[in-house]
Amino acid sequence: MSLIEDLLELNLVERQLRGLQSRVGSAETFFNAQNRQMNELLQRKEELQTRRKQRQVAVSGFETDTKAMDERLEKLRNELNTAETTKQYSAFLEEMNTLKQTRGETDELALAEMSEIESIDEDMGTLEEAITERQTVLTRAATELEERKAEIAERVTELQRERDVKAAIIPESPLSTFTQCADDFDGDAMAHIEEIDKKRREYCCSSCNVNLPFNIVVQLLGNIESLTQCENCLRILYVTPELKAETIAK
Ligand SMILES: [Zn+2]
């Protein structure tokens, strides 16, 4: 068999293999998208937890403050009763009033923080629901991905083995060109030459339709050892047996 025939056989296996793998590919894409969304939700949850913790620290601080203020007020009340002069009495009373006002303000601040915490808790509830829902879809996506992989696993191993056998008989340089093309064009590595007008010797690449000079056709009709790639789309060019028969018969 010629080099091109060997490559065409390899190409056939390569395409089957990629076709199978692309079926897993769509399940993989779906799973990855679900996973990404799940991670975003979990990140949002972490943010909410951090914010809640910060608010909670603030509330605790205010509680410590009001407790200290209550103790001071209690002490001042006793001192008020034992005040010996009017001046003393007024001073105690003034401090008490200032303290009461500060205490009231602190209470308000604490309440504001607590209402923020409530609103965070509400958001958290909604978020937890979204996480539960997403988890259901994610689990299903993971199962489907595993099933798809299992479905094709045996056939993929078979085809990989077949590909290795077919690749082994191809020299290194054309094989590396082929592999590059197969990767670049997702398995669509080769293109045959198409006849546009036999009389005018007009030919083109079947993949990109760019016109090809007749000398390339002549060159490919011979027993070639090196590959010719389409100058435009870079696919490996070959002549079909039909075209070969027809061109030689003319
Ligand atoms: Zn082309």
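Predicted model: local features only at pLDDT ≥ 70, side-chain atom pairs only at ≥ 80, totals over all residues.
Helix H1 (3–81) contains 79 residues. Its first and last C-alpha atoms lie 112 Å apart, close to the 117 Å expected at 1.5 Å a residue. The buried residues of H1 are Ile4, Leu7, Leu10, Asn11, Val13, Glu14, Leu17, Val24, Phe31 and Gln34. These buried positions pack against helix H2, helix H3 (172–184), strand E1 and strand E4 (236–238).

Helix H2 (residues 86–168) is bent by about 45 degrees, the bend being located at Ala153. Ile120, Ala141 and Leu159 are buried in H2, and the buried residues of this helix pack against H1.

Two packed helices are described by the angle between their axes and the distance between the axes. For H1 and H3, the packing angle is about 35 degrees and the axes are 12 Å apart. The crossing of H1 and H3 is right-handed. On the H1 side the contact involves Leu3, Leu7, Leu10 and Glu14, which meet Pro174, Phe178 and Ala182 of H3. Of these H1 residues, Leu7, Leu10 and Glu14 are among those that are buried. An α-helix has 3.6 residues a turn, so residues three or four places apart point the same way.

The strands form an open sheet of 4 strands in the order E3-E2-E1-E4, and the pairing is mixed. E3 and E4 are the edge strands, each pairing on one side only. Helix H4 packs on the sheet and touches E1, E2, E3 and E4. The direction of H4 makes about 75 degrees with that of E4.

Strands of a sheet pair through backbone hydrogen bonds, either parallel or antiparallel. Strand E1 (residues 190–197) and E2 run antiparallel and are joined by 4 bridges. Within this pair, Ile193 has Cys205 of E2 as its bridge partner, and Glu194 is partnered by Cys204 of E2. E2 also pairs with strand E3 (residues 211–212) in the antiparallel sense, here over 2 bridges. Tyr203 is opposite Leu212 of E3.

In a regular strand the side chains alternate between the two faces of the sheet. In strand E2 (residues 202–205), Tyr203 and Cys205 belong to the covered face, whereas Glu202 and Cys204 belong to the uncovered one.

The hairpin of E1 and E2 has 4 residues between the strands, and that of E2 and E3 has 5. Asn209, in the turn of the E2 and E3 hairpin, has a positive phi of about 70 degrees.

In the loop between E1 and E2, Arg201 takes a positive phi of about 55 degrees although it is not a glycine. Arg201 is partly exposed because 14 other C-beta atoms lie within 10 Å. Leu234, another residue other than glycine, has a positive phi near 70 degrees. Leu234 is located in the loop between helix H4 (214–221) and E4. With 18 C-beta neighbours inside 10 Å, Leu234 is therefore also partly exposed.

Technical notes
Residues numbered from 1 in each chain as written. Buried ≥ 20, exposed ≤ 12 C-beta atoms within 10 Å, placed from the backbone. Pairing = 2+ DSSP bridges. Bend = angle between axes of the 7 residues up to and from the residue. Contact = placed C-beta atoms within 7 Å. Expected span 1.5 Å × (residues − 1). Axes fitted to C-alpha atoms, helices over the stretch in contact; angles between N-to-C directions. Left-handed = near helix turned anticlockwise from the far one by under 90°.
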